[in-house]
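Student: I would like to learn how to read the features of a model such as this one, one at a time. Could we go through it together?

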Amino acid sequence: MATIASPVTSAAARLLKPGTAWSDAWERCLAVAPEAFQDDRVRNLWAADWHSDGTPAPATTPVDGSAITGPPKLDSTTAQSAVRAALDQHRAWRATPLAERRARVIATLDALTEHRELLSLLLVWEIGKPWRLAQADVDRAIDGVRWYVDGVEPMLAGRTPLNGPVSNIASWNYPMSVLVHAMLVQALAGNAVIAKTPTDGGLSCLTLASALAHREGIPITLVSGGGGQLSEALVRSPEIGCVSFVGGRDTGARIATAVADLGKRHILEQEGLNTWGIWEYSDWDSLTAVIPKLFDYGKQRCTAYPRFVVQRELFADFLDAYLPAVRSVRTGHPLAVADPADPLPTLDYGPVINAAKAAELAGYVAQAIDRGAVPLYRGTLPQDAFLPGQDTAAYLAPVTLLAPPPSSPLHHAEPFGPVDSIVLVDTEAELLAAMNASNGALVATLSTDDRATFDRLAPQIRAFKTGHGKPRSRGDREELFGGFGASWRGAFVGGELLIHSVTEGPAGERLPGNFPDYHLMP
């Protein structure tokens, strides 16, 4: 089948939207939180104070490859001191009345709201989020925590904080709506919280958010460092009451082994290959409408759908629906405009997290094609979406492959980028086998016209949430979240389960989740 490339357009040269440069964002950080930002570096927050310790590492933005502020990496000895200090904070905070904890969290949310635009701009530069999605990340964090503030009393009934602080180790892709959200809810429940800044991005955004929370008396520890140097302190320390992790399966498996050996409370959200099945289906207009939305943030999220499993006899109809939609996906520099007065561009995604990731994905695609995959679509970066002469090494246009071979990582693992793959099947058994290729997933979707068919097949798909013709996501507020198989270890979260996962309940309580000795659904 011939490769179909997206058109390349040209237009007047773009310029950086005035007031949105990294230097503008940094100057604003220095003005808003001078205790946390110092000259050309950030500080670590531990023992209830900011410290100019650690060795600053170099960092670049995925937006254009230019230098930005890197993490001040601590050594293991200092990290252990930070954890011991966090335990002291925890013992005082767990005795703090709920009314006071709530008031301090509310004050933090008000401060985050006041600085929403700066937090969003930092997300654009540090992790490449388009403006629309960066603002959504900040808003989801604030709105989600407010929901807990308003309704936490019954969730805490008969429960007490943990015996030690919660240690958070999260990936770079959702610093606010995942990491900051979790930290503030954990604190609301009566725990001191520790967070490691993600190595690949989000440092300044998290530092600003933590500075605003620290001012309101929230017991937060925020440290930077490599996993090898900090894992002993942040995972194995006896002072830690719970480990909360969001990231890949390899690192998650190592943490799972450590916490299992120690009998420590844990919440480990790991990657899985989320799949979208097409079986006896005809509502193609609905599918066309949703495809561009699936490319939000370049599919760099744990609930992205990079794999379509399609009934062979429907393949031609599927392509008629899919190809026009993928051609409409918009990427480019998130802050580039044609005129200074123009609004920031509305994009589906900008760069991937760094140039190395873009090169890795391009290599996977080339290898898969060399071994027999068929390139159905290979987009081209639009020339009119970038600044003149800028570095575009971290940008990758959408790619769609048919039948990546079993030897390819694209066959069995989540690519974490704008690369789709399609697998054709002839029987329901093949459909289910292909949708369960990664031994567990967080979400899945099955598009089929017949509700009875969906009800019969959906329970056999190993995903925590399965949508009927619609995408599923982490969800917010009362919606629960977890995973099947290797995609999740430990307690499930969302709604009251997030509170329960970081508090102690009745003696002998079995929390819903995937644990070494049991699996319990809510």
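This is a predicted model: local features need pLDDT of at least 70, side-chain atom pairs count only at pLDDT 80 or more; totals for chains, interfaces and linings use all residues.

Student: Where does Phe-416 lie, and what is its phi?

Tutor: Most residues other than glycine have a negative phi. Phe-416 has a positive phi, near 60°, in a residue other than glycine, and its place is in the loop between α13 and β21 (419-425); helices (H or I, at least four residues) and strands (E, at least two) are DSSP runs, numbered from the N terminus. Ala-403, which is not a glycine either, has a positive phi of about 55°, and this residue sits in the loop between β20 (399-402) and α13 (409-412). Ala-403 is partly exposed, with a relative accessible area of 41%.

Student: Which residues does Ala-304 touch, leaving aside those up to four places away in sequence?

Tutor: Contact here means heavy atoms within 4.5 Å. On that basis Ala-304 touches Asn-274, Lys-299 and Glu-414, not counting residues up to four places away in sequence. Ala-304 belongs to the loop between α10 (284-294) and β17 (307-311), and at 1% relative accessibility it counts as buried. Its C-alpha atom is separated by 8.6 Å from that of Glu-414, although the two residues are 110 residues apart along the chain.

Student: How many residues does the largest nonpolar core have?

Tutor: A nonpolar core is a set of buried Ala, Val, Leu, Ile, Met, Phe, Trp, Tyr and Cys residues joined through side-chain atoms within 4.5 Å. The largest one in this model has 123 residues, and those with the most contacts inside it are Leu-112, Met-176, Leu-287 and Phe-318. Helix α5 (residues 131-156) gives the most to this core, with 12 residues. A second, separate core has 21 residues, including Ala-79, Leu-230, Phe-245 and Ile-255. To look around Leu-112, leave aside its neighbours within four places in sequence: it is then in contact with Leu-119, Ile-142, Met-176, Val-180, Leu-184, Ala-209 and Leu-212.

Student: How do the axes of α3 and helix α6 cross?

Tutor: Two packed helices are described by the angle between their axes and the distance between the axes. Axes are lines fitted to C-alpha atoms, for helices over the stretch in contact, and angles run from 0 to 180 degrees between N-to-C directions. The axes of α3 and helix α6 (residues 175-188) come within 9 Å and cross at roughly 155°. That makes α3 roughly antiparallel to α6, since angles over 145 degrees count as roughly antiparallel, those under 35 as roughly parallel, 65 to 115 as roughly perpendicular and the rest as oblique. Among the residues making the contact are Leu-109 and Leu-112 of α3 and Met-176 and Val-180 of α6.

Student: How many salt bridges does the structure hold?

Tutor: Side chains of opposite charge can pair when their charged atoms come close. A salt bridge is a side-chain nitrogen of Lys or Arg within 4 Å of a carboxyl oxygen of Asp or Glu, and the structure holds 19 of them. One joins Glu-100 and Arg-104 (3.0 Å, N to O); being 4 residues apart in helix α3 (residues 98-114), they are separated by about one helical turn. Another joins Glu-153 and Arg-102 (2.2 Å, N to O). Glu-153 lies in helix α5 and Arg-102 in helix α3, so this pair ties together parts that are 51 residues apart in sequence. Glu-153 is partly exposed, with a relative accessible area of 40%, whereas Arg-102 is buried at 17%.

Student: Which residues are linked in a network of salt bridges?

Tutor: Lys-465, Arg-472 and Glu-479 are linked in such a network.

Notes
Residues are numbered from 1 along each chain as its sequence is written. Side-chain values use heavy atoms; hydrogens and water are left out. Buried means under 20% relative accessible area, exposed over 50%, partly exposed in between (1.4 Å probe, protein chains only).
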